[in-house]
Amino acid sequence: MPVMLGTGAYRYEVVDTWAKLPPGQEFDADVAAVGVDAQDRVYAFNRGRHPMVVFDRDGNFLRSWGEGVFRRAHGVHMAPDDTIWLTDDGDHTVRHCTLDGAVLLTIGIPGAPRPYMSGEPFHRCTHTALSPQGDLYVSDGYGNACVHKYTPDGRLLKTWGEPGTDPGQFNIVHNIATDQDGWVYVADRENHRVQVFDGNGKYETQWNNLHRPCALHCCGGKQPNFIVGELGPGMPVNRKVPNLGPRLSIVDSKGKRIARLGGDNGPGLETGKFLAPHGIALDSKGDIYVGEVGVTDWKTSFPDTPVPAVVRCLQKLERV
């Protein structure tokens, strides 16, 4: 029997064996982020031997690239001109690439982080998003607590944010998205919220009632919905508490939850469960692709269980 998640207009069939890789090229590490291009080809940015793996919509392998370029995959943003922005938190860079892997622009100095919590770009940057005018926002991320805004050609315009819990402050700024009106949405992971800013970093509001929001995807259009990937508990004291995720939540443009997928009974490898949803993309049919960092998260979720030989890191949720 198919496994279904969600309710009402937001019901999805889980297709967790969707990706078909050639023998010997199975994913051997986390899929940190996912993107979908205008032809519904799916780009899985991962921490294995082949950093970018490309599939067609049916999960057939097309090609791979990025070997020797990326140190630790973290974020994907698909640009409207059929190029791709890739964030590497292992070498503190953002690279703008063609869809076959040619590097067009590198922002940041590979392997040279700026001082910890200095606010200078970058120290383990996490993700990118483009404004309607083509300006680039970078969430920066683990060793900083800020967002940087760049011109399309890589000139720094401004930086905002600092460590803390007040409006405009961050505790692991983990993901970032924009909408067609230019609002900027920031997954402030360990503050359990998404903060909303105008295009120049002015705080507007925040969405609460989220648990460690990690992945963030804007579904597009006026007053768009968003898909939020929430991590499960991160501490031993609440590791086995139910109803905290990991899960996906679908919210409207005001942050009101309209659907929730999974997460009632904690993490797992069973079909219909998540391990650590870290990257989300949507195709033209409304199907959701989820990249997970289950290998990295395993010791947090299952500290007394050896890591299995195969840990699911990419699944598809097909809209019904």
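Reader: In which loop is D82 found?

Author: The model is a predicted one, in which local features need pLDDT of at least 70, side-chain atom pairs count only at pLDDT 80 or more, and totals for chains, interfaces and linings use all residues. Residues are numbered from 1 along each chain as its sequence is written, while side-chain values use heavy atoms, with hydrogens and water left out. Strands (DSSP runs of E, at least two residues) and helices (runs of H or I, at least four residues) are numbered from the N terminus. On this numbering, D82 is found in the loop between β7 and β8 (83–88).

Reader: What is the phi of D82, and is this residue buried, partly exposed or exposed?

Author: D82 is not a glycine, yet its phi is positive, at about 60°. Burial is judged by relative accessible area with a 1.4 Å probe and protein chains only: under 20% is buried, over 50% is exposed, and values in between are partly exposed. With a relative accessibility of 29%, D82 is partly exposed.

Reader: Where is Q223 placed, and what is its phi?

Author: Q223 has its place in the loop between β19 and β20. Its relative accessible area is 64%, so Q223 is exposed. Although Q223 is not a glycine, its phi is positive, at about 45°.

Reader: Which residue forms a cis peptide bond with G245?

Author: The residue in question is placed in the loop between β20 (226–230) and β21 (247–251). With omega at about 5°, the cis bond joins G245 and P246.

Reader: With which residues is G108 in contact, leaving aside its neighbours within four places in sequence?

Author: G108 also belongs to the loop between β10 and β11, and at 29% relative accessibility G108 is partly exposed. Contact here means heavy atoms within 4.5 Å. Neighbours within four places aside, G108 is in contact with H92, T93 and F122.

Reader: How many disulfides does the count come to?

Author: A disulfide is counted for a pair of cysteine sulfur atoms within 2.5 Å. C125 is buried, at 0% relative accessible area, and the nearest cysteine sulfur, in C146, is 10 Å away. C313, also buried at 6% relative accessibility, has its sulfur 15 Å from the closest cysteine sulfur, that of C214, which is too far for a bond. By this rule, the number of disulfides is 0.

Reader: Which residues lie nearest the centre of the largest pocket?

Author: On a 1 Å grid over the protein atoms alone, a pocket is an open set of points with protein on both sides within 12 Å along at least five of seven lines, and lining residues have an atom within 4 Å of a point. The elements giving two or more residues to the lining of the largest pocket are β3 (31–36), β7 (73–78), β11 (125–130), β15 (173–178), β19 (213–218) and β23 (277–282). Among its 37 lining residues, those nearest the centre are H77, M78, A79, H217 and C218.

Reader: How many residues of each class line the second largest pocket?

Author: The second largest pocket is lined by 19 residues, with F27, V310, V311, R312 and C313 nearest its centre. Ala, Val, Leu, Ile, Met, Phe, Trp, Tyr, Cys and Pro count as nonpolar, Asp, Glu, Lys and Arg as charged, and the others, Gly among them, as polar. The lining comprises 14 nonpolar, 1 polar and 4 charged residues.

Terms used: On a 1 Å grid over the protein atoms alone, a cavity is a set of points where a 1.4 Å probe fits but cannot get out, and a pocket is an open set with protein on both sides within 12 Å along at least five of seven lines; lining residues have an atom within 4 Å of a point.
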